[in-house]
Amino acid sequence: METTLAAEPVSETATPAGELADFDAVVRDHQPAVFRFLLASLREREPAENLTQECFLRAYQARRSFRGDASARTWLMRIAVNLMNDHRKSARLRFWRRAGETSLDVAFTGDWLADRRSSPEAEASAREQVRVVWRAAAALSERQRTVFLLRFVEEMEIKEIAAALGLQDGTVKAHLFRAVDAVRKRLTETS
Amino acid sequence: MSGHLSSVEISEWLAGIRAAGAERHLAECAVCAAELERASEPLARFGAATRAWCAAETPVPRLGSIKIAVRRRRRFTGVRVALAAAAALMMAAPVYFRHQRAIETARQDEALLEQVQTEVALSAPEPMQPLEKLVKWNSPSGQSASSQ
């Protein structure tokens with residue numbers, strides 16, 4: 001993965017409101033990311049699919065009110081986060097509280113590592129690292145986990161995450177720091 | 001900056017908290033740059049593995065189904081409006097018919113009253129009218145007896 005760790009300040013390109021005029025393109029371009037974020041957050045495919053559809057349904061209905069002062073992705077993610085929060089209130093985070101009991105046990109996500117050129121030992125180690133990160137993510141607070149997933153899975157910039165969650169940049173950084181530090185400590189403990 | 005970056009400083013850097021001192025140090029210190037690279041790897045792997053896993057699970061974009069859902073929701077809204085209108089009609093209809101019945105009853109009462117008044121206005125009942133004519137004819141003043 002090419003997670004950007006460069007020091008230059010992050011920037012967000014404002015998107016003209018007209019971007020949503022071609023809604024087919026919006027769905028085509030952003031549905032995978034919205035679904036991915038919801039699936040990684042909820043770890044259950046069916047609600048992730050339903051919420052993804054609901055997200056685009058709401059976006060479609062509200063597309064004329066899109067002012068374009070944030071990117072379409074940020075706007076969609078904000079809708080997705082709100083939907084997810086509503087879902088969590090009702091579902092009470094079943095998956096994360098019974099980590100490992102689902103058919104979509106993310107422990108196997110390590111099997112999706114793209115780099116197959118390394119040695120079997122290195123590959124096993126990398127896979128184990130992914131499992132550890134997943135378990136550590138499960139222990140994070142909801143807000144920390146959301147920020148963590150948006151940063152390292154969606155590769156969103158701090159400003160984008162802040163806009164999607166309605167938080168200040170500094171607050172996002174603080175949540176992200178706690179999440180990263182907790183994950184790194186878990187990795188250190190298990191290595 | 002003295003020494004190398006601490007674990008907390010590396011976590012801060014990974015979280016986007018970029019202190020100028022840390023930035024300068026990373027530019028000059030290969031050990032810390034390597035440590036930062038090592039620390040970022042599991043996070044990068046996690047992201048890549050999750051994206052790959054989700055990509056395999058990602059349904060094909062279904063704009064059609066979204067549009068159908070929008071139409072369904074609109075249709076459902078239409079149905080709700082129709083049901084609300086029907087309910088309002090059901091509630092209003094008895095009131096309307098009761099009102100109409102009251103108007104009809106009032107009209108019938110009015111007609112009956114008019115009829116009664118007409119009958120009362122007659123000086124004598126119909127069977128006695130010949131007698132009344134006779135009385136009028138015998139009156140010296142030419143006035144009806146009933147009017148006296």
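This is a predicted model: local features need pLDDT of at least 70, side-chain atom pairs count only at pLDDT 80 or more; totals for chains, interfaces and linings use all residues.
A residue counts as buried when its relative accessible area is under 20%.

Figure 1. Chain A has eight helices and zero strands, so you can follow it along the sequence as α-α-α-α-α-α-α-α. Take contacts between residues at least 6 apart in sequence: in chain A, 70% of them join residues at least 24 apart. The accessible surface of this chain is about 8900 Å², and carbon and sulfur atoms account for 46% of that area.

**Figure 2. Inside the largest nonpolar core.** This core holds 71 residues, and the ones that touch the most other members are A:Phe37, A:Leu38, A:Leu76 and A:Phe148. Helix H1 (residues 23–42) of chain A supplies the largest share, with 11 residues.

**Figure 3. A closer look at A:Leu76 and its contacts.** Leaving aside residues up to four places away in sequence, A:Leu76 touches A:Val26, A:His30 and A:Val34, together with A:Cys55, A:Phe56 and A:Ala59.

**Figure 4. Where helix H6 of chain A packs with helix H3 of chain B.** Here H6 (residues 142–152) of chain A and H3 (residues 30–57) of chain B pack at about 85 degrees, and their axes lie 9 Å apart. Angles of 65 to 115 degrees count as roughly perpendicular, so that is how H6(A) and H3(B) are placed relative to each other. From H6(A), the contact uses A:Phe148, A:Leu149 and A:Phe152, while H3(B) brings B:Leu43, B:Phe46, B:Gly47 and B:Arg51.

Key
Residues are numbered from 1 along each chain as its sequence is written. Chains are lettered from A and ligands numbered from 1 in the order in which they are written. Side-chain values use heavy atoms; hydrogens and water are left out. Axes are lines fitted to C-alpha atoms, for helices over the stretch in contact, and angles run from 0 to 180 degrees between N-to-C directions. Helices (H or I, at least four residues) and strands (E, at least two) are DSSP runs, numbered from the N terminus. Angles under 35 degrees count as roughly parallel, over 145 as roughly antiparallel, 65 to 115 as roughly perpendicular and the rest as oblique. Contact means heavy atoms within 4.5 Å. Accessible areas come from the Shrake-Rupley method with a 1.4 Å probe; for residues, only the protein chains shown count as cover. A nonpolar core is a set of buried Ala, Val, Leu, Ile, Met, Phe, Trp, Tyr and Cys residues joined through side-chain atoms within 4.5 Å. Buried means under 20% relative accessible area, exposed over 50%, partly exposed in between (1.4 Å probe, protein chains only).
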